[in-house]
Structures are given as C-alpha cells and as structure tokens.
Amino acid sequence: MLLGTLIGVLPGIGPLATIAMLMPITFSISPVAALIMLAGIFYGAQYGGSTTAILVNLPGETSAVVTCIDGYQMARQGRAGPALAIAALGSFFAGCICTLVIALFGPPIAEMALKFNSPEYFSLMLMGLVTAAVLAHGDMLKSLAMVAMGLLLGIVGTDVDSGMKRFTFNVLELTDGIGFVVIAVGVFAVGEIVSNLGDPEERQVFTSEVKGLFPTKEDFKQSIFPIIRGTALGAFFGVLPGTGPAIASFSSYMVEKKIARDPSRFGKGAIEGVAGPEAANNADAQCKFIPMLTLGIPASGTMALMLGALMIHGIAPGPTVMTQRPDLFWGLIASMWVGNLMLVVLNLPLIGLWVSLLKVPYRLLFPAIMVFSAIGIFSLNNSPFELYLTAGFGLVGFLWMKLDCSPAPMLLGFVLGPMLEENLRRALVISRGDPLVFVTRPISLAFVIATVLILIMMAAPAIRKRRGDITG
Amino acid sequence: MDRGQNKDFWAGVMFMGTGAMAMFIARDYAFGSTLRMGPGYFPSMLGGVLILFGIAIMVKGLRKSEKIRGNWSVRALIVLPLSLAVFGILMEKAGFLPALVALVFGSAAAGREFKWLEVMLCAIVLTVISVALFIWGLGLPYALMKGF
C-alpha cells in the first residue's frame, strides 16, 4: 500500500509499471494476501498519480491529466494542501460506494456468467478486447493491431490441445510460454526507462507552500456534489469494459464545468475541478474489478496485470472464483474498503514526504527500478533467461512507445490469447464447424452486436473528420 | 518524401513483418479445419489479421506522414538491456552482491549524467535495501557471493 503510493508518486512511473515491478514480491505470499497487496499498490499508485498532477503538473497516468488542470492551479495559489486532501477524500468516498456496488452486483453477474458457454465467452472476450483497444487513447487501428500482437505473444508455448510447441524456436524455456511478468516489466518498466532517458523531462516543484492541509468548510460545500456526481459517472464508465479512467474523469470535469454557476473559474484553481474527476477516476478504477472478478475479462491494462498475477497464483478468474474461492472475493472487497481508508489515513499526513520525494532526481531513481525489476524477474525461475527476454521486451517496448503503439491493449491480448483460442476452438466443435454459432445464440449475439456498434461509433467521428479535412 | 521518420509507416511495417513471420512459422503447424482447429489455425489467422492492420496503418502513415516524436538515447538503448543480461549471468556465476553492483553501475551508465560518488552511494543503499528485503525479508535462496 505505502509502497504503491511511494512509487506512484515518483514521476515517470505509472501504475502499470509499479504493479509490474512489485508483482514478483507477492509470489511468496498466499494468493489472498497477494491480491490484497496488489490492490493496495494499485490504489496507491493511482493516488500517487494525482499527487504529482497537483504538485508538479505532471500526471502520473492518463487519468490524472484532468486533475492537473485545476489541481496545479490550486497548488500555485498555495492551496496544494486542500487540493490533495479533497482528492483523497473524494477518492475515499468513491471507493466506499464502489465497494458496495461490487459487493452487490458481483455475485449476480457471476451467476449469470456461469450459464455462459464457449461461444458466449469468445464473443465476450472479443468485445472486451475490441472495446478496450478502441476506447484506449491513441490510434484505434494501432490499438487493435496491438491486441492482435498480444494474442500472438500469448500463443507462444505449448498448445494445450495438441501438445505442439509453437513459436518456441526450440528454446526450452519458452515451452511454458512467455512469462507475464517478463512482458510487463520489460515493456512497461525497462521500455519506459529507455524512453525517458532519451527525453529528459523538465519538472518544477511547488513545494514552498504546502501548508494549511485541511480544506475549509467552504471547500467541502463546493466539493460534496461534484464528488457524488463524479462517483456515479465513474461507476457507470467503470463497468463498461475498456473505457479508461481518463474518460470518466474527463466527463466528470465537463459536467462540473457545465453546471457550475461561474464556469470561468475552471482552469484557475476551482476545487470542483479536482473533486469531481478524482472521485470519477477512483470509482472507475474500482468498478473495473467487476468484469475481472466475475467474468475473468480484464477491462484495462492494470486489470490485465492483476489477472495475470492471479493466474500465476493458480487462480483462474471468472465466475467460478466467486463460488469456489469466496474467501478471495470477499477478502478483496474488504481489502478495497480498508485500502481506501488507509489511503486517506496514510497519505494526508505524509503529503509533505511525497513532495520531498519528488525532488529525487531521475538519474538516482531508475537504477532502483532496474534493481527491483531485475531481482523480481530472476526470482521467477532462478534463471538468467528471463532477464534476456526482459531486456529484449524492453527494446520492443521502447520501439512501440516511439511508434505510438500503446502497449496496454497488447497486454490484454496477451492475457486473453490462450483463452480466446481455446473458446473459439470449443465453440466451433460444439457447432460442428459452423461459424454462425456466434450469432445464433442470443447472449453471444448481443455481445457481437455491441462490439460492432462500438466499432462503428468510434470509427464514425474519425471518418467525418477526415471528410472535413478534405472539404475544408 | 522522407520516410525515415514516418511514424505510422514504420508501425505498419512492424505489424506486417510480425504477421508475416507468424504465418511463415505457423506453416509448419497443422492447420486443421474449422471444425477441428489444428495448432496452426489460430496463429495463421492472427498473422493474417496483423498483416492487414499493418497495411492499413502503413497506408495511413504514407498519407499523413507524422514524424516520430522525441529523441533517442542510443546509449540507454544498448547499455540498459545489456546490464540486465549481465545481471542475469552474474547472478548465476558470481552471486547476488556482484550482480547487484554491476546492475546499478550499468543502469547508471545508461543515463547522461554519471557521477562516481553518487552512483557509489546509490549502489550501496540499493544493495543494503535489496539484501534486507529480498534475502532476509522474503528469504530468497541466493548466495551473496559465489566462487570466490
């Protein structure tokens, strides 16, 4: 938990890299504890992103971009304390509500999912992958291509069906497939470092005036409704697969700006502009657990990491988790609430410390990341092979970053690759080779239609824009 | 036209190349039929999909020709992965301590500023933390030194 915030605060390391880096540490503890710890790191990293957004105008992750707008302005006016406090409290409120939502809706969804068969699963995964890719920021075509790339990487290893070794290049270590941590650390930690070393960022810390931590009564009054609205928006977007937290926080910001009595204050340090998006952001992140825990479909890159971690612990997430491992499900729910509470309790007094951490220069930081990553990777198999592979993926990850190919969809594809193939195969066996099976079964059809609709919706503005470019 | 910096062009090339390679390798795997998918079915399909995406992205790149942003640090590109590999070898041959020190120095050397004293301190602090956390704390079975 603390570790999560600690690392989340460090600039240049997003939640993905944080979890990837710390994941190996959790392998030596029980799955329940590991998941709880990972969830803690996850929240910590999320909140850490907001802290840097407010203090240095440097979003630790995409979802914190919105927080930068007004949060940084508040910091410049010497109101960094209230901004951070409201961000934490807003997140806490959203977290509490969403924990309830998960506890309420999780079991029914899982119940429904138990009726699913291979065709439904295939369509559902397809929908998850496509929406995640399409709604991710950046180029839609490239994100979809990255999903395919991830699926391909997921295939490496022994085919469960035929026992055939595929894409292993006769390397013994590859028969079990490429390690999930290897890809995650390689692409997100190493790749990011290489990329950052090429482009040193300028940062400017406003540390002199972090005093007066607590928001005034006025601040509270102004923030309470934005927080509630933000939570609702975040929860709604959170359940939809693929909608990144950025969408939730952006829409919350728009809503607040629209209904504000004096919209001109926004962008100049309006506390509503911090409270709403922060709540939305956290609500979204938390509700992302619903599809992962109930259906086994990760809805974001971070969730893909959590899913991968679970699989390494020998738990196949999906509807059966709830029936077979209720301790895990409820343990996680309890941990969410505790985690949110801890976030408030721990972080408010420690803000000063986080601020001073920001002063640590990057050249001292990245060797530390390298050390933790390397030890973690080596401990997977106690063999240097994984490290070579990680180094390789570091290069590939850097290449992807330079070519603006977002690696998060790739990770989703990688995690779901083997499952997708297996379900496709089974579905076609059930239907005796008739590919129409995906559109003749009602639930499956619904997923297919949803996928197509989302694709059309997202493609349409792009087409219109291109037309506009030509005529204009 | 200068294609050397065209971002989408190269992304397309990369996807096409990967797809073609996947299809080429998957030729050796039984394709099977739609009813009974062989081990080659899914990879071949994916390879094909990747090639199609690659073409589309490349075409888009040729139309728009957006440039690749930012700088490259050739030094980091070579030194950082190399130091990871060295870490792996040293872990096996020489033990935890030498591997760690080599990694810290290696990664620090990848940056643009390298100050001996600072890196030295950094190495000491990180080594102490790692030994405490991983060897004593989590009980990972690595020898601190080997073969000396």
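Residues are numbered from 1 along each chain as its sequence is written, and chains are lettered from A in the order in which they are written. Because the model is predicted, local features need pLDDT of at least 70 and side-chain atom pairs count only at pLDDT 80 or more, while totals for chains, interfaces and linings use all residues.

**View 1. Confidence across the complex.** The predictor gives the complex an ipTM of 0.86 and a pTM of 0.73. Among the elements of chain A, the lowest mean pLDDT, 53, belongs to helix α1 (residues 2–9), and the highest, 88, to helix α17 (residues 385–402); helices (H or I, at least four residues) and strands (E, at least two) are DSSP runs, numbered from the N terminus. In chain A, pLDDT stays under 50 over residues 202–208, for which the model has 14 contacts beyond four places in sequence, and also over residues 466–472, for which it has zero such contacts; two residues are in contact if their C-beta atoms, placed from the backbone, lie within 7 Å.

**View 2. Two buried residues of chain A.** Chain A has 20 helices and two strands, and 61% of its 472 residues are buried. A residue is buried if 20 or more other C-beta atoms lie within 10 Å of its own, exposed if 12 or fewer, and partly exposed in between, with C-beta atoms placed from the backbone. D284(A), in helix α11 (residues 272–287) of chain A, is buried because 33 other C-beta atoms lie within 10 Å. Its C-alpha atom is 4.3 Å from that of G234(A), although D284(A) and G234(A) are 50 residues apart in sequence. L293(A), in helix α12 (residues 289–295) of chain A, counts as buried because it has 27 C-beta neighbours inside 10 Å.

**View 3. The side of chain B that touches chain A.** Here 56 residues of chain B are in contact with 54 residues of chain A. The elements that give two or more residues to this side of chain B are α1 (7–26), α2 (41–64), α3, α4 and α5 (116–137) of chain B, and α3(B) gives the most, with 11 residues. By class, this side has 39 nonpolar, 12 polar and five charged residues, where Ala, Val, Leu, Ile, Met, Phe, Trp, Tyr, Cys and Pro count as nonpolar, Asp, Glu, Lys and Arg as charged, and the others, Gly among them, as polar.

**View 4. Helices α3 and α4 of chain B.** Helix α3 (residues 74–93) and helix α4 (residues 96–110) of chain B pack at an angle of about 180°, with their axes 8 Å apart. Axes are lines fitted to C-alpha atoms, for helices over the stretch in contact, and angles run from 0 to 180 degrees between N-to-C directions. α3(B) and α4(B) are therefore roughly antiparallel to each other, a term for angles over 145 degrees, while those under 35 count as roughly parallel, 65 to 115 as roughly perpendicular and the rest as oblique. The residues of this contact divide into 15 nonpolar, three polar and one charged.

Methods:
pLDDT is the predictor's confidence in each residue, from 0 to 100.
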